[in-house]
Amino acid sequence: MIKRGMLLLFLAVFALTACSDDDGETPAHDHEEGQFVRVLVSDQDQANYYVVNPHEGTVETVAGQYAAGRLYTSPSGRYVSVINTDDNLATFFDSGIEAHGDHAHVKGTPKWALSKATASRPVHYYGKGDNILVFNDGEGSISHFKESTMHTEAEARVFDIGDAHHGAPALFNNGTIAVTEKDGSTAWTLPERVKIIDMNGNTLHESTIQTSGIHGEAGNGEIVLFGSVEGILRVNQDGSQLLIENPESFGDEWIGTIIYGEESETFIGFDGGRGVYEIDIATNSINTIEENANLSAATFDWEGHHLILVYTDGTVKVLDGHGFGTIASEQLEINFPAEGSTGAPTYAASEEFLYISDGINGSIAMYELETLEFVGTLALPGKPARMALMGSLAHDDHEH
């Protein structure tokens with residue numbers, strides 16, 4: 001039988017629809033989600049945010065300021081950055097869970113943190129250590145938050161970095177920032193260069209490579225990779241830069257999404273409708289993992305161990321992030337909206353479970369990550385827009 005905490009998740013308040021075997025019994029699961037894992041969900045139409053506790057089976061609705069916030073888990077996991085671009089607002093939600101390595105404990109109730117920023121068109125999020133940066137496209141500035149002062153500092157520190165553009169920052173281990181730069185050589189809003197600045201916006205290392213457009217980035221603390229028209233722009237912490245050329249098969253296409261798996265120490269490039277690629281920083285090369293016109297999404301689990309691929313026919317593959325061997329592959333019931341409509345599915349994975357939102361019917365489906373075995377479907381009070389994990393993967397609660 002499904003254990004109490006997992007069963008309650010799909011019974012509490014809402015309807016449970018579970019798959020059955022030939023005898024009509026609910027499939028057995030010998031484990032459950034960790035007691036400190038939470039899922040934060042934004043609503044497409046309402047300024048409501050849903051806090052899901054899979055272990056205890058509770059769903060709490062918390063009022064926010066604006067609907068459809070884009071959600072990003074903070075470095076510690078305690079907070080989720082909530083970005084409302086059109087409303088010029090970046091805020092943070094506190095899970096109430098404080099992690100301490102191999103254990104965690106409840107610090108307080110789920111609630112909004114004090115810190116916020118009201119700069120023009122916040123879009124791109126990046127967090128490392130205690131620092132969190134949000135790039136503001138409408139004014140070419142960065143909002144700087146600290147996790148340690150989320151409940152004591154009301155306003156983020158905002159500093160200018162140059163002309164307004166669709167940009168992105170990334171933090172190095174030494175506290176400096178690789179940030180995109182608009183030099184005006186192209187007409188579109190994408191930047192063409194990357195420079196390194198300090199936490200006050202002062203330039204430390206000028207750009208040495210001009211591209212025809214940059215979008216997408218990821219870093220490991222020593223290196224930041226940016227997707228560009230000409231290839232992957234590698235920016236090192238010391239300011240040196242080089243281009244990793246695109247494969248000849250790309251033609252006019254290029255990688256505009258880059259993700260990093262911390263546990264697997266792997267950079268992945270993704271182009272929807274084309275393919276997923278390993279960006280090898282040891283050889284400065286791009287290696288094909290899979291090319292498929294039906295590829296829809298790629299994401300790592302919370303720790304960066306499993307690489308999850310989603311296809312337009314509902315197929316989901318779970319790959320080992322180290323060698324990219326297939327761990328599981330199943331065709332799941334995923335609802336994709338008609339082109340141009342809202343309600344696109346989003347994906348999040350903890351250590352053991354995969355969550356898939358259904359923005360059409362207003363629900364979240366849950367699967368065991370390494371088998372893709374269906375656990376159940378949770379109906380929500382509204383229609384999910386985005387979701388993010390928060391809290392901690394720790395299983396133990398140590399009192400202090």
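Student: What makes Gly273 stand out in the hairpin of S24 and S25?

Tutor: In this predicted model, the hairpin of S24 and S25 has 3 residues between the strands, and Gly273 takes a positive phi near 80° there. Most residues other than glycine have a negative phi.

Student: How do you know that S24 and S25 are paired?

Tutor: Two strands pair if at least two bridges are found between them, and 5 bridges join S24 to S25, which run antiparallel, so the pair meets that condition. Asp271 stands opposite Gly275 in S25.

Student: What pairs with S24 through the hairpin that holds Glu265?

Tutor: That hairpin is formed by S23 and S24, with 4 residues between the strands, and Glu265 takes a positive phi near 55° in it. Strand S23, residues 257-261, runs antiparallel to S24 and is joined to it by 5 bridges, and the bridge partner of Tyr260 in S24 is Phe267.

Student: Why is strand S24 described as largely enclosed by the rest of the structure?

Tutor: A residue is called buried when its relative accessible area is under 20%, and 6 of the 6 residues of S24, residues 266-271, are buried, so the strand is largely enclosed by the rest of the structure. Thr266, Ile268 and Phe270 point one way from S24, while Phe267, Gly269 and Asp271 point the other way, and all are buried.

Student: Is Phe324 buried or exposed?

Tutor: Phe324 counts as buried, because its relative accessibility is 16% and the limit for that word is under 20%. Phe324 is found in the loop between strand S29 (315-320) and strand S30 (326-331), and it has a positive phi of about 70° although it is not a glycine.

Student: How do you know that Thr176 is buried, and what does it touch?

Tutor: The relative accessible area of Thr176 is 11%, which is under 20%, so Thr176 is buried by that limit. Thr176 sits in the loop between strand S15 (169-171) and strand S16 (177-181), and, not counting residues up to four places away in sequence, it touches Ala170, Leu171, Ile196, Ile197 and Leu204.

Student: Which residues and strands line the second largest pocket?

Tutor: The second largest pocket is lined by 16 residues, of which Glu333, Ala365, Tyr367, Phe374 and Thr377 lie nearest its centre, and about 340 Å³ of space lies in it. Strands S32 (353-358), S33 (363-368) and S34 (374-379) each supply at least two residues of this lining, and the largest share, 4 residues, comes from S33. The lining residues divide into 7 nonpolar, 7 polar and 2 charged.

Definitions and conventions: Residues are numbered from 1 along each chain as its sequence is written. This is a predicted model: local features need pLDDT of at least 70, side-chain atom pairs count only at pLDDT 80 or more; totals for chains, interfaces and linings use all residues. Side-chain values use heavy atoms; hydrogens and water are left out. On a 1 Å grid over the protein atoms alone, a cavity is a set of points where a 1.4 Å probe fits but cannot get out, and a pocket is an open set with protein on both sides within 12 Å along at least five of seven lines; lining residues have an atom within 4 Å of a point. Grid points are joined across faces, edges and corners, and a volume is the space filled by probe spheres set on the points. Ala, Val, Leu, Ile, Met, Phe, Trp, Tyr, Cys and Pro count as nonpolar, Asp, Glu, Lys and Arg as charged, and the others, Gly among them, as polar. Buried means under 20% relative accessible area, exposed over 50%, partly exposed in between (1.4 Å probe, protein chains only). Contact means heavy atoms within 4.5 Å.
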